[in-house]
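Open the model in a viewer and keep the selection panel at hand. The stops below are given in the order in which to select them.

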Amino acid sequence: MAAATSPAAILKDAGLFALVALGLCIPIVSHRTDLGSDGLALTPRWGLVAGLCAAVFCVRLVQRLLLERRAARALVTPSPHQATEPVGAEPNAGQRLPRLGLPLFVGFALFLPLIAALASGGLSPARYWIDLGILILTYVMLGWGLNIVVGLAGLLDLGYVAFYAVGAYSYALLSTVFGLSFWVCLPLAGLFAGLWGVMLGFPVLRLRGDYLAIVTLAFGEIIRLVLINWSDVTGGSAGISSIPRATFFGVPFKAGPDGFSTLFGLPFDPMHRIVFLYYLILALALVTSLVTLRLRRLPIGRAWEALREDEIACRSLGIDTTKTKLTAFALGAMFGGFAGSFFAVRQGFVSPESFNFLESAIILAIVVLGGMGSQLGVAVAAVAMVGGPELLRNLGFLKGVFGEGFDPNEFRLLLFGLAMVAMMIWRPRGLISDRMPTVALGQRKAIGKDLVREGHG
Amino acid sequence: MATRRPDDPHAVLTVDHLTMRFGGLTAVDDLSFQARRAEITALIGPNGAGKTTVFNCITGFYRPSEGMLTLRHADGAAHLLERLPNHAVNRRARVARTFQNIRLFSGMTVLENLMVAQHAPLMRASGYTLLGLLGLPGYRRAEAEAVAKASAWLERIDLLRRADDPAGDLPYGDQRRLEIARAMCTGPELLCLDEPAAGLNPRESADLARLLRHIRDEHATSVLLIEHDMAVVMEISDHVVVLDYGKKIADGPPRDIREDPKVIAAYLGVEDEEVAKVDAEVGLTIPVAEEARP
Amino acid sequence: MDVFVQQLINGLTLGSIYGLIAIGYTMVFGIIGMVNFAHGDVFMVSTFIALISFLVLTALGISSVALAFLAVLVITMALTALWGFSVERIAYRPLRGSFRLAPLISAIGVSIFLSNFVQVAQGARNKALPSMLDGGLTLFERDGYAVTLSYKQILIMAVTSVLLLGFWYLVQRTPFGRAQRACEQDRKMAALLGIDVDRTISLTFVLGAVLAAVAGLLYLLYYGVVSFSDGFVPGVKAFTAAVLGGIGSLPGAVIGGLIIGLIETFWSAYFSIEYKDVAAFSILAIVLIFMPSGLLGRAEVEKV
């Protein structure tokens with residue numbers, strides 16, 4: 001590696017990037033099309049293009065300078081790859097964190113409503129934070145559910161949202177048509193989703209890798225399109241509304257003599273229901289996590305991980321790989337179904353639009369970014385991926401910079417896409433990629449990511 | 001050389017008229033042989049002779065185009081291997097195998113590798129996961145037994161102190177031995193080894209020979225092995241089958257095979273007079289370049 | 001019968017567009033073994049480039065349709081090629097040889113980015129092109145039903161055929177084509193033999209994007225309306241075409257494209273137009289499950 005690149009070369013490189021950016025901006029950014037009186041009218045926006053190119057130039061310049069400094073430093077300190085003797089492998093902070101991390105996360109989650117209420121001075125003002133908590137926990141649960149399929153068994157599922165949809169519609173239909181209560185519907189929804197998992201899983205599990213991903217994507221889309229078009233049952237694009245609200249194990253959250261507040265002698269507050277929903281999803285998510293942690297130490301969990309490592313070796317050891325994959329698929333689907341029925345009871349409304357491919361992509365991104373198989377990683381990734389875009393809503397001050405018409409929310413998905421790319425380049429194996437053994441004679445030692453395989457199916 | 005009949009009660013594996021075609025290529029052509037109980041049978045032949053294909057047929061990875069593969073257990077039960085699904089060849093017929101390019105679960109520890117091999121009994125003990133999920137003591141006992149069995153094997157292959165290290169971190173020779181131990185943890189009647197001595201140094205080869213003899217004598221497991229290292233083959237096998245271009249060209253005790261002119265010609269592709277000279281030079285060891293693992 | 005012939009024509013037209021996109025999928029899969037999830041969105045970007053270029057040229061006062069078409073074709077191909085190049089360079093190249101899932105996630109990220117980039121830059125409404133090149137040839141007329149071959153359809157089929165011939169020559173007869181096929185077989189060995197693998201892969205993406213650009217322009221002409229969300233479904237259909245034809249096989253991609261186009265039009269004409277995308281996705285699933293090596297692909301033998 002060259003010790004230093006000349007400043008001129010760096011400038012030239014950044015210039016090249018700006019030039020490419022210019023090319024990319026033409027004509028999609030440079031000319032805005034608007035519906036005018038006679039067809040589309042063009043509005044040139046060269047100022048914006050210039051600004052974008054300048055921004056790209058600066059970002060690249062800074063990046064190159066940083067890289068330059070790192071390269072210079074690398075020349076001074078020898079890299080561990082060049083070591084002739086083993087380099088002392090002290091667990092670094094990143095390795096120690098997972099042991100404390102999960103309890104810390106759960107602890108924080110347990111007290112979040114209290115903290116939010118204290119910080120914002122009352123339950124009602126804290127609603128935003130509790131709602132956000134519910135949203136994040138829903139994705140944590142979905143991530144933990146999909147983690148069984150992708151992280152442990154190494155099966156790439158891009159249609160996970162289908163099972164979320166099955167769960168949501170199961171609850172919506174069972175409660176509105178048959179009048180069943182949430183607590184009856186919840187296990188039923190999980191069961192249905194699991195059955196769908198088996199039904200869809202059976203034909204597709206022979207496929208590997210990207211093909212499996214695409215087939216599952218196709219199934220996810222088919223289910224969504226059927227939900228849209230089969231209007232007699234599903235209500236079509238309009239969806240199903242006025243789904244019964246959650247009750248406190250049969251006691252409704254309402255003002256009046258037989259409501260939750262009267263029963264517990266509290267003044268009526270609509271926030272009780274929200275807090276209850278928060279703890280409900282927390283409990284569901286924790287069940288998912290505990291079951292997964294337990295399963296990892298059972299033969300089935302070990303078989304999943306072995307399957308991810310080497311399917312052919314598994315078969316030579318007498319493991320029925322089809323059944324093993326199906327159990328992973330079905331269990332993942334079941335947790336997706338639970339999450340789906342929670343979604344329905346929380347919203348009181350379901351429509352096919354909530355179950356599009358983007359959702360599947362987000363959930364998969366959470367699992368991969370978290371580090372496949374890691375419970376804490378998935379939780380952290382869910383906070384980042386779901387909470388991060390939420391921050392954009394609060395960037396009102398940008399209006400001062402870019403003018404009144406600027407809506408940061410518009411850029412939510414754009415930045416989300418960029419972030420997905422950036423995070424893969426930064427950490428392709430996810431935040432926590434070490435694997436903890438499930439059984440040990442002596443001390444359990446984390447296994448480095450270089451040895452852990454990602455699966456081929 | 002006594003001809004064996006198919007109903008030989010000592011045969012653990014009987015291969016009858018096995019033929020395997022891939023498109024137009026006949027990799028194995030009308031092969032018949034037997035592997036006897038509590039013996040080490042070696043399957044040798046030049047590269048491309050079809051040895052691994054035979055293994056893949058026996059262990060259920062390929063479905064043979066023609067022929068019959070019978071595995072007879074010590075209790076007399078017979079299994080037709082070509083009719084069993086892949087995984088059932090191990091679970092029901094109790095045939096275990098290793099692979100030419102080692103297939104360990106490299107991201108799992110040495111101990112975990114051996115636990116995965118005991119999947120079937122552990123699944124039963126965990127009540128197919130349901131009872132295990134509840135943490136009942138029955139499963140915990142079964143797991144402790146499985147760990148004990150694994151430890152015993154680790155002791156035997158001298159890897160006990162590395163039990164908690166990832167399998168992918170082990171040196172090559174240790175990985176080979178671990179793969180054999182993992183196959184043995186499934187409790188097989190027949191153990192099929194695909195080039196177990198490839199890439200081993202002379203000392204490791206000697207260890208391997210000792211291990212295989214131990215397996216034959218102490219565990220009543222018959223061994224079928226593919227091997228290129230003639231020193232190993234001649235030292236440990238009780239019986240040798242030679243393949244060339246998918247056909248059997250010789251079958252008998254190592255002593256006879258060593259002197260069989262057809263075998264020598266197949267291996268060296270030279271006239272008989274030259275064989276003696278080459279023999280002396282190489283000490284009968286035919287080195288075979290192994291392709292490096294990716 | 002008349003309806004059948006008409007649908008046949010429509011199906012082949014649509015199919016040639018899918019075939020052009022499918023080549024991008026199949027080439028990239030062939031050379032780096034990844035499903036370029038963002039390819040459908042690159043196609044969508046090209047429809048917008050073509051649309052705005054048309055409008056700009058009209059504003060500049062170019063009235064000759066032929067001239068405008070050629071100019072737009074060149075501009076769209078060049079600018080889309082730049083997109084293909086940049087996407088590969090930024091989102092995929094750093095991940096080469098990395099964890100298998102990473103490029104897929106990155107590609108999904110690019111796909112989300114591209115569709116939202118266009119949405120932010122151009123708004124969420126459908127954009128319509130003033131109709132041009134109307135009319136066509138009436139092939140025959142019976143009982144008041146005229147089977148027509150519109151000028152657009154002729155143009156689409158002609159452009160597609162010419163392009164495919166040129167492309168076929170490029171891959172089969174030029175040093176680049178040889179390098180590309182070598183990389184497909186064994187990237188490491190190709191590199192050892194002095195082939196610039198990175199450059200070859202880059203060029204593959206650029207070529208895929210160029211063909212997608214042509215498809216984008218033709219799509220715009222044919223439908224006259226584009227939207228930022230138009231990348232996903234045509235992308236999936238083209239991918240289905242690539243798999244159906246046998247992924248990695250160029251003639252397969254074209255044949256697959258034609259078949260998918262025909263199935264879609266016939267399904268819409270004879271069964272139900274609401275379920276036409278369900279049909280497309282179902283075919284994708286069925287093909288992948290029952291004939292994963294496609295019509296012209298090589299069957300994969302499990303290596304033990």
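The tour goes from whole chains to helices, then to single residues, salt bridges and an interface.

Before selecting anything, note that this is a predicted model, in which local features need pLDDT of at least 70 and side-chain atom pairs count only at pLDDT 80 or more, while totals for chains, interfaces and linings use all residues. Residues are numbered from 1 along each chain as its sequence is written, chains are lettered from A and ligands numbered from 1 in the order in which they are written, and side-chain values use heavy atoms, with hydrogens and water left out.

**Chain A**

Select chain A. Its C-alpha atoms fill a box of roughly 80 × 75 × 50 Å along the principal axes. Chain A has 17 helices and four strands; helices (H or I, at least four residues) and strands (E, at least two) are DSSP runs, numbered from the N terminus. Of its 457 residues, 53% count as buried, where buried means under 20% relative accessible area, exposed over 50%, and partly exposed in between (1.4 Å probe, protein chains only). Contact means heavy atoms within 4.5 Å. Of the contacts in chain A with a separation of 6 or more, 71% are between residues 24 or more positions apart.

Select residues 161-177 of chain A, which form helix α5. The 17 residues of α5(A) reach 23 Å from the first C-alpha to the last, close to the 24 Å expected at 1.5 Å a residue; the expected span is 1.5 Å times one less than the number of residues. Since 14 of those 17 residues are buried, α5(A) is largely enclosed by the rest of the structure. Step just past α5(A) to A:Gly179, which takes a positive phi of about 65°.

Next, select residues 209-229 of chain A, helix α7. The end C-alpha atoms of α7(A) are 30 Å apart, in agreement with the 30 Å that its 21 residues should span. In α7(A), 19 of the 21 residues are buried, so this helix too is largely enclosed.

Select A:Val150, in helix α4 (residues 127-152) of chain A. Is A:Val150 buried or exposed? At 1% relative accessibility, A:Val150 counts as buried. Leaving out residues up to four places away in sequence, A:Val150 touches residues including A:Leu155, A:Leu364, A:Met372 and, in another chain, C:Leu101.

**Salt bridges**

A salt bridge here is a side-chain nitrogen of Lys or Arg within 4 Å of a carboxyl oxygen of Asp or Glu. The structure holds 37 of them over all chains.

- Show A:Asp131 and A:Arg346, whose side chains meet in a salt bridge (3.7 Å, N to O). A:Asp131 lies in helix α4 of chain A and A:Arg346 in helix α13 (residues 321-347), so the pair ties together parts that are 215 residues apart in sequence.
- Show B:Arg103 and A:Asp310, with a salt bridge of 2.9 Å, N to O. This pair crosses between chains, from the loop between β6 (95-97) and α3 (110-117) of chain B to the loop between α11 (299-309) and α12 (311-316) of chain A. B:Arg103 is buried, with a relative accessible area of 17%, and A:Asp310 is buried at 6%.
- Show C:Lys237 and C:Glu264, where the closest N and O atoms are 3.2 Å apart.
- Show A:Arg296, A:Glu305, A:Arg308, A:Glu309, A:Arg435 and B:Glu112 together; salt bridges link them in a network.

**Chain B**

Select chain B, which has twelve helices and ten strands. Buried residues make up 58% of its 294 residues.

**Where chain C meets chain A**

Select both sides of this interface: 64 residues from chain C and 63 residues from chain A. The buried area is about 5,500 Å², of which carbon and sulfur atoms give 77%; buried area is the accessible area (1.4 Å probe) that two parts lose on being put together, summed over both. How many salt bridges does the rule find across the interface of chain C and chain A? The rule finds zero.

On the side of chain C that touches chain A, the elements giving two or more residues are α2 (39-59), α3 (65-92), α4 (101-122), β1 (127-128), α9 (232-245) and α11 (276-290) of chain C. The largest share, 16 residues, comes from α4(C).
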